[in-house]
Amino acid sequence: MKYRDEEALLAHVQEVICGQGEMADGKGGTVRSVLEYNDRVIWPDKVRINRYYLHHYSFRKDLQMIVCTLLGRRMEYGGETI
C-alpha cells in the first residue's frame, strides 16, 4: 500500500533530479538517478516492511490490509502510515 503509486513517485524523483541534478535520500545523502533512489531508499524500505510483516503477521491485519487496499485507504502498520 505504501508504494501503490511507485511509478508516480519515481517520476517525481526523475523530475527533481533533472531539475536539480540530485535529490536527498532522507538519510543525509543524495542520489543522482532514479535507479540509485530505488536502490538506496525504496528497496530497503520495502525489505524493512516485509521483515516487520514476517515477524508480526496476523489474520486480522491481513484482512485490514485487504480492505484498505480495496478502498484505497492508508492504515497504521509498524508505527507508520502505509
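**Figure 1. E80 is a buried residue that takes part in a salt bridge with K2.** The relative accessible area of E80 is 17%, where buried stands for under 20%, exposed for over 50% and partly exposed for what lies in between (1.4 Å probe, protein chains only). This is a predicted model, in which local features need pLDDT of at least 70 and side-chain atom pairs count only at pLDDT 80 or more, while totals for chains, interfaces and linings use all residues. Residues are numbered from 1 along each chain as its sequence is written, and side-chain values use heavy atoms, with hydrogens and water left out. In the salt bridge (a side-chain nitrogen of Lys or Arg within 4 Å of a carboxyl oxygen of Asp or Glu), the closest N and O atoms of K2 and E80 are 2.8 Å apart. This pair links distant parts of the chain, since K2 is in the segment before α1 and E80 is in strand β4 (residues 80-81), 78 residues apart. Helices (H or I, at least four residues) and strands (E, at least two) are DSSP runs, numbered from the N terminus.

**Figure 2. K2 also meets D45 in a salt bridge, and both residues belong to a network of such bridges.** Between the side chains of K2 and D45, the N to O distance is 2.6 Å. Here again distant parts of the chain are linked, with K2 in the segment before α1 and D45 in helix α2, 43 residues apart. K2 has a relative accessibility of 28% and therefore counts as partly exposed, whereas D45, at a relative accessible area of 12%, is buried. When residues up to four places away in sequence are not counted, D45 touches K2 and Y3, contact being defined as heavy atoms within 4.5 Å. The network of salt bridges joins K2, D45, R48 and E80, and the count of salt bridges in the model comes to 8.

**Figure 3. A salt bridge between E6 and K46 connects two helices.** The closest N and O atoms of E6 and K46 are 2.7 Å apart. Because E6 lies in helix α1 and K46 in helix α2, the pair ties together parts that are 40 residues apart in sequence. E6 is buried, with a relative accessible area of 18%, while K46 counts as partly exposed at 28% relative accessibility.

**Figure 4. Y52 and Y77 form an edge-to-face aromatic pair.** Rings of Phe, Tyr and Trp (its six-membered ring) pair if their centres lie within 6.5 Å, and planes under 30 degrees apart count as stacked, over 60 as edge-to-face and the rest as tilted; by this rule the count comes to 2 aromatic pairs. For Y52 and Y77 the distance is 5.1 Å centre to centre, with 85° between the planes. Y52 lies in helix α2 and Y77 in strand β3 (residues 76-77), so this pair ties together parts that are 25 residues apart in sequence. Y52 is partly exposed, at a relative accessible area of 32%, whereas Y77 is buried, at 5%.

**Figure 5. The rings of Y53 and Y57 make a tilted pair.** Their centres are 6.3 Å apart and their planes stand at 45°, so the pair is called tilted. Y53 counts as partly exposed, at 30% relative accessibility, and Y57 counts as exposed, at 59%.

**Figure 6. The largest nonpolar core has 12 residues in all.** A nonpolar core is a set of buried Ala, Val, Leu, Ile, Met, Phe, Trp, Tyr and Cys residues joined through side-chain atoms within 4.5 Å. This core is made up of Y3, L10, V13, V16, I17, M23, V31, V34, Y37, V41, I42 and I49. The elements that give two or more residues to it are α1 (6-20) and α2 (34-56), and α2 gives the most, with 5 residues. V16 touches G21, E22 and M23, leaving aside residues up to four places away in sequence. A second, separate core of 5 residues includes M65, C68, M75 and I82.

Figure 7. L70 is found in helix α3 (residues 59-71), and with a relative accessible area of 71% L70 is exposed.
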